[in-house]
Amino acid sequence: MSNYLPTIGIEVHCELKTKTKIFSNSINGYGQMANSLTNVVDLGYPGTLPTLNKEVINLAIKAALVLNCKIRRQMHFDRKNYFYPDNPKNYQITQAETPIGYDGYVEIEVNGKKKKIEIEEMHIEEDTCKSTHRGDKTLLDFNRAGVPLIEIVTKPCMESGEEAKLYLEKLRELLFYSDVSDCKMEEGSMRADANVSIRKQESDPFGTKAEIKNIGSISNVKLSIEKEIERQAQLYDEGKTFPPQTRRFDTKLNDTVLMRVKETGNDYRYFPEPDIPFVYITDEQIDKVKKTIPMLPDARREKYISLGISEVNAKKLVGHRSLSDYLNELLEEKIDFKTAGNLLLGDISAYLNKEEKEMKDTTLTKERFMDLVNKVSDNTLTSKNVKEILDKVMTSEKSIDEITKEAGIQNITDNSAIIEMIKKVMEANPESVTDYKAGKDRAIKYLMGQVMKESKGTLNPKMAMDVLKEELNK
Amino acid sequence: MNNKLTKEEVLHVAHLARIKVGEEEIEKYQVELKQLLNDVDKIKEVDGYDEERMIAPWERDAVLRDDEPGEMLNPKEVLKNAPRHSGNYIAVPIVISEEA
């Protein structure tokens, strides 16, 4: 296969986290009985009028801000006219002419290099009803009809499936952390379409475009783009051309397949929606929204690393929002953040997963957590101790001291007692002592094991190891 | 100036509106639709047509609604208005087909 330059643009639809729909006061919900979350506006009954939800504008401003978009101060909505059963009004209310956000970007890191993925525009629109195709019927559920969406359109500026994946991961993280959307691709609250074309070299015009619709996961976006590039390259190699087309990613075939939509006609005859007058956005409103944006993922990672948390753990913490939010409440405190991060990602995460709980469901207050961190940090408690008492720590209101005492944990922190134990072990294992002195490093591990056994696990391993080395080197 | 739409233009508009038109109707609409377009063009000649856009029949800006849930319809009532349903879903003839 010859080499081609791929050009990729991504369109993302993201459902906004509001209580009610964009143009009606029925509930914006997921996973409910079909057609149970609707009213006359959502169903497009004659004579009904749209009423614009204030929160939609606020969330869209927020999204525009975190995506570094410029914000339009005067805008209106437009009707996109088409006949299709997913929309009984026969038009979708969208923003064709005056998208709320434009000229933004999201920064990603490709092979260690930063790249700005440019956002052409971001507009507000209503979701259509959900259609499911079964046999000779299409089934319609209007619970989704009128759910507020933002559509985010990039410029054709990506060059690989990997870049598209990195962009989507970053976008999801930003919209999720700013509470704009829950961004669940598996539930359809975030949906991606990819436009893919290839050409021989940069000076050539863009190749024929294929649009891959509604891909259900970020990894499948990457895969479907790679498969599509391959397919187009093969056709060009064979000297063939092809018409622009809409395709779909088939998870069973792991490939894109042609989608035949009956009744096409991309002649949407947009015109301004006369039922919704101009919407104006003021500086005050933007400032007010700005204040509601919590610390964003990049800033969190940076902060954690500056506090001594490893890069890997900083990434993991940001990947687990409730842990990251919990830690963020302690940022002004003087604690050992490395230990705090280890505890949160280690034993505490394991506990939360096992019990299917979130931090807020436990009794681990900030104060008790800091106490635990300090005790691990100064070696009062070993990691084995933490495992022993964690259930109690997460469920009871008692202090860490009390729990430790009740568990019968009495760690030996007295040096002379440790030395005594170590001397006993050394006397009982003279060969290992000789081996160690002869340079066999493995011998110390054996001796250490014996020391821990002798102490019945009441020693702090790090302390014991230090003393053991000291004694052996005498 | 041409005083008629082409036959193709009429058929295109008919398709977008999902209506069937007979041969005689096509000829009639070639003239009538063109006349309509000409009338609209006259409005565009008004001074300042492009300057001050008016999108709604009043000048106030949009009044926004608080994000508070209201009453919804009973699904049974909703399904009553659909010609066909399958369980709680409204059913329509299949609108999509694919080839691998």
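Is A:Arg269 buried or exposed, and how many C-beta neighbours lie inside 10 Å? A:Arg269 counts as exposed, with 12 C-beta neighbours inside 10 Å (buried means 20 or more other C-beta atoms within 10 Å of a residue's own, exposed 12 or fewer, partly exposed in between, with C-beta atoms placed from the backbone).

The model is predicted: local features need pLDDT of at least 70 and side-chain atom pairs count only at pLDDT 80 or more, while totals for chains, interfaces and linings use all residues. Residues are numbered from 1 along each chain as its sequence is written, and chains are lettered from A and ligands numbered from 1 in the order in which they are written.

A:Arg269 is placed in the loop between strand 14 and strand 15 (271-272) of chain A (helices, H or I of at least four residues, and strands, E of at least two, are DSSP runs numbered from the N terminus). Its phi is positive, about 40 degrees, although the residue is not a glycine. A positive phi of about 45 degrees is also found at A:Asn111, likewise not a glycine. A:Asn111 belongs to the loop between strand 6 (101-110) and strand 7 (113-126) of chain A and is exposed, with 6 C-beta neighbours inside 10 Å.

Between the chains, 48 residues of chain A are in contact with 37 residues of chain B (contact requires C-beta atoms, placed from the backbone, within 7 Å). Elements giving two or more residues to this side of chain A are helix 1 (54-66), strand 9 (137-141), strand 14 (255-261) and strand 16 (279-280). Strand 9 of chain A runs antiparallel to strand 2 (residues 89-93) of chain B, joined by four bridges (pairing requires at least two DSSP bridges). Within this pair, A:Leu139 has B:Ala91 as its bridge partner.

Key. Contact = placed C-beta atoms within 7 Å.
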